[in-house]
Amino acid sequence: MGNRPTALVLYNWRGQWPMRRWEHQRIFAWKAYFPGPVTFLNIGFPFNPAWITRLDPELVMVDATALAARYTPVGLSGLRRAMDAVPARARRVAAPLDEFLGLQPLRDVLVEARIDLLLTALEPALWGGVYPVVQRPYALRRFLTAYVDDGLARRASSDLAGRSIAVSYRAWETPAWLGEMGRLKREVGLRAEAWAQARGHRADVAVDGQRRLVGDAWIRLLGASRAVVGVEGGSSLVDPAGELPTSDPASSGPEGWTPPASAVVLAREAEIRAMSPRHLEAVATRTFQVLVEGDYSGVLEAGVHYQPVRRDLSDIEAALDASRDPRRAQAMADRAHDEIVASGRYSWRTVVGEITDQVLA
Amino acid sequence: MRRAWGLALFLRLRDWGAWAVIIAESRLAKAPPGLKRRLRDISRLLRLKRWIRID
């Protein structure tokens, strides 16, 4: 018992309840799968840095929400105080999810905080541009935006033929600063809804943040749907200086908005993209996925795990029609479940174990 | 290694308390404007205001 490593997870959460399931898992999976005691510290509330020093953890995990504290001077100051108090011997791991916002402050914080391992959802081809080698005293490791927890992996799913909803989708208010990627998030939902209406099928689609589902409600909707549409998460813009209006996305609708001069508009091949947690959740519920073609962090393969759609959505109706063929759709959903969820390859248990071995070896 | 069990227990209780505040905050955010105004009037203590972020 005395030899077990200890960990501290720093996170930053205020005002939102319930949490989305994958966000809760990302923070608290460490409790379930780290091989020793784990303490959680929400730096969104007042804290005494001496607590961190006294805890003397072997591993400090800085969650994406704690790194997002950099958006405000008060938050940044709290994050700095916390990291300054971490004992020198502790191994430090950071996992940002929003590298396209406030990139330079993020780079600075990672260096100041003496991070040992950075977990990033970026594809390796982009690492050099986002984290230049000369400014990078830490190691990098690819990390998905979410993994599968034991509860989700064990979840039983009904056959697609027996599900009452033909297609479902949710999108939050996509702010202009997401660029073309944000426009697609909205458009794909509207096109799916139009398809269902035209064919006389039942759809449960909401864009612009309406009828938001959190916790298990979202999983239940996926489990009741034959198909779900989607697109990779990410952004077509990078904001190195932190000047985008992240605090009020609703005020920056896509019409008539121009990015600040400091923002970099990315070419299509250089866009920041990653598989979203919802795509793993759909695999876990054995729901047929109709997705805009992409790499999906190297996890989902087009035509094998999901039905691909061209980026201009010109073939989305035909792709959704494929979900009406129960044998074919069920076979694809089952294959995705077997290879991605049942295999345990993308489970929290596996990744927490691997990260622990890597940094505490 | 020596483990600060008392501190770990304190931090766990603090975390639970913080979640109670977060749940209250989320309910407040959805409250009608009149109720929010009344609560703002009640929370005269600066420290309380800072903690539960009514204003």
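Begin by selecting A:Arg311 and A:Glu271, whose side chains form a salt bridge with an N to O distance of 3.1 Å. The model in view is predicted. A:Arg311 sits in the loop between strand S15 (307-309) and H11 of chain A, while A:Glu271 sits in the loop between strand S12 (264-265) and strand S13 (272-274), so the pair ties together parts that are 40 residues apart in sequence. A:Arg311 counts as buried at 15% relative accessibility, and A:Glu271 counts as buried at 4%.

Now colour chain A by domain. The assignment gives domain 1 as 7-147 + 347-360 and domain 2 as 151-342. Their C-alpha centres lie 26 Å apart. At the interface, 21 residues of domain 1 of chain A are in contact with 30 residues of domain 2 of chain A. The area buried between the two domains is about 2,100 Å², with carbon and sulfur atoms giving 64% of it. On the side of domain 1, select A:Arg21, A:Phe100 and A:Leu101, which lose the most area to domain 2 and together account for 32% of what that side buries.

Across this interface, the rule finds two salt bridges and three residue pairs in polar contact. The elements of domain 1 that give two or more residues to the side touching domain 2 are helix H1 (21-33) and helix H5 (103-112) of chain A. H5(A) gives the most, with three residues. That side of domain 1 comprises 14 nonpolar, four polar and three charged residues. Select A:Arg142 and A:Asp295 as well, whose side chains meet in a salt bridge at 4.0 Å, N to O.

Finish at A:Arg21 and A:Asp149, a salt bridge whose closest N and O atoms are 2.7 Å apart. A:Arg21 belongs to helix H1 of chain A and A:Asp149 to the loop between strand S6 (139-142) and helix H7 (150-154), 128 residues apart. Are these residues buried or exposed? Both A:Arg21 and A:Asp149 are buried. Over all chains, the structure holds 21 salt bridges.

Definitions and conventions:
Residues are numbered from 1 along each chain as its sequence is written. Chains are lettered from A and ligands numbered from 1 in the order in which they are written. This is a predicted model: local features need pLDDT of at least 70, side-chain atom pairs count only at pLDDT 80 or more; totals for chains, interfaces and linings use all residues. Side-chain values use heavy atoms; hydrogens and water are left out. Domain bounds come from an automatic or database domain assignment. Contact means heavy atoms within 4.5 Å. Buried area is the accessible area (1.4 Å probe) that two parts lose on being put together, summed over both. A polar contact is a pair of N or O atoms within 3.5 Å; within protein, one must be able to donate a hydrogen and the other to accept it, and residues adjacent in sequence count only if both atoms are side-chain atoms. Helices (H or I, at least four residues) and strands (E, at least two) are DSSP runs, numbered from the N terminus. Ala, Val, Leu, Ile, Met, Phe, Trp, Tyr, Cys and Pro count as nonpolar, Asp, Glu, Lys and Arg as charged, and the others, Gly among them, as polar. Buried means under 20% relative accessible area, exposed over 50%, partly exposed in between (1.4 Å probe, protein chains only).
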